[in-house]
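Visitor: I'd like to learn how to read this model. Could you walk me through it, one feature at a time?

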Amino acid sequence: MSETIVVSGGSGFIGSKIAAEALRRGYQVVSLDKSPSENAEIDTRICDIRDLDKVASNFPTGVAAVIHLAARTSVLESKLDPQVTFETNMVGTHNLLEMARRTGVGRFIFASSNAVVGQSAAEFIDESNLLAPMTPYGATKAAAEMLISGYQGSYGITGCALRLTNVYGLGMFKKDSIVPRIMRALLGGKPLEIYGDGKQWRDFIFASDVVDAFMLALESNFSGPLTIGAGRSYSVTEIVATVEAITAREIPVVWGPAREGEMRGVKVQISKALRAGFAPKVDLEDGLARVWHDFADAPRP
Ligand SMILES: NC(=O)c1ccc[n+]([C@@H]2O[C@H](COP(=O)([O-])OP(=O)(O)OC[C@H]3O[C@@H](n4cnc5c(N)ncnc54)[C@H](O)[C@@H]3O)[C@@H](O)[C@H]2O)c1
């Protein structure tokens, strides 16, 4: 009989792709999300993960693993509204861990972030950096990792935290990160606002590579944190130049002040993930071209 897994946040940008891939691989997938899914094949149970009773009444029996992605995901919004970020990312994680403990789930895989380590003094961020988040969002992700560690130590649930860099990919129409903002600016929307000098550098990982990383985590017994990125960083101005070259169009740009709490640079070392079998396949030019076609070909109102 096929295994049942719970995906929290299965209606979201990354969760929808993970749920679809798990279904394709033969898992029974139950998604817990406060929003409906666009994929009718996914058994989506509308449920706010902040409410333990709701999580309990929607949690299926005989679950082999939980993949936990539901979260308040905006770093900048977490500074404006830390309370809701805390409740969703901390209480929500605790509620899912509790249901895992109460129902005997063996594996808990968590969508963490490189924001748990803050602005490291080291040139590269990897799993050896001390946890030193700079924002409420990063703090909730770091604290959630600690909760998972505690449940692993006390109740034998094997936990794994995938610390993702900037994820981009198909279906980013509702997102507000740099890649979709560039695409909207190209299609006649608001000009792209570049914060600060545009030299802040980031690692961008294509969503299908992230899905592969979650499947690897699901189908192995790896535990602890794993940095998941492309292993190469680009500045905002380099991203802009790359998209301009791909599309042969000029991106309208306005320059705004640097955002407080934004990490200056992210360069990650992914050697631990590579040793565990992770192999990112989509390079930046290819990935950005795919996202551009996704936006350009989408029906517009
Ligand atoms: N996208 C990235 O670049 C990135 C980078 C690092 C980490 N992550 C993490 O990966 C995960 C998925 O990110 P995403 O980009 O797919 O985000 P998303 O916002 O597209 O999806 C999040 C999903 O969680 C659901 N959700 C939010 N609050 C909820 C609640 N209280 N109860 C139930 N469901 C709730 C939303 O409805 C949504 O479907 C998040 O945990 C995020 O922090 C994402």
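Visitor: How far apart do the C-alpha centres of domain 1 and domain 2 lie?

Guide: Domain bounds come from an automatic or database domain assignment. Here they give domain 1 (4–167 + 204–228) and domain 2 (168–201 + 232–297), with C-alpha centres 23 Å apart. Keep in mind that this is a predicted model: local features need pLDDT of at least 70, side-chain atom pairs count only at pLDDT 80 or more, and totals for chains, interfaces and linings use all residues. Residues are numbered from 1 along each chain as its sequence is written.

Visitor: How many residues of each domain are in contact with the other?

Guide: Contact means C-beta atoms, placed from the backbone, within 7 Å. By that test, 30 residues of domain 1 meet 27 residues of domain 2. On the domain 1 side, helix 7 gives the largest share, five residues. Helices (H or I, at least four residues) and strands (E, at least two) are DSSP runs, numbered from the N terminus.

Visitor: And by class, what is on that side of domain 1?

Guide: Ala, Val, Leu, Ile, Met, Phe, Trp, Tyr, Cys and Pro count as nonpolar, Asp, Glu, Lys and Arg as charged, and the others, Gly among them, as polar. That makes 16 nonpolar, nine polar and five charged residues on this side.

Visitor: Which residues of the largest nonpolar core touch the most other members?

Guide: In soluble globular proteins, nonpolar side chains tend to be buried together. A nonpolar core is a set of buried Ala, Val, Leu, Ile, Met, Phe, Trp, Tyr and Cys residues joined through C-beta atoms within 7 Å. Buried takes 20 or more other C-beta atoms within 10 Å of a residue's own, exposed 12 or fewer, partly exposed in between, with C-beta atoms placed from the backbone. Of the 86 residues in the largest core, Ile67, Ile109, Leu162, Val210, Phe214 and Ile228 touch the most other members. Helix 7 (residues 207–218) gives the most to this core, eight residues. Ile109 touches, among others, Ile67, Leu162 and Phe214.

Visitor: Where is Pro257, and is it buried or exposed?

Guide: Pro257 sits in the loop between strand 12 (253–256) and helix 9 (271–275). Pro257 counts as exposed because 8 other C-beta atoms lie within 10 Å. Leaving aside neighbours within four places in sequence, Pro257 is in contact with Tyr195 and Gly196.

Notes. Two residues are in contact if their C-beta atoms, placed from the backbone, lie within 7 Å.
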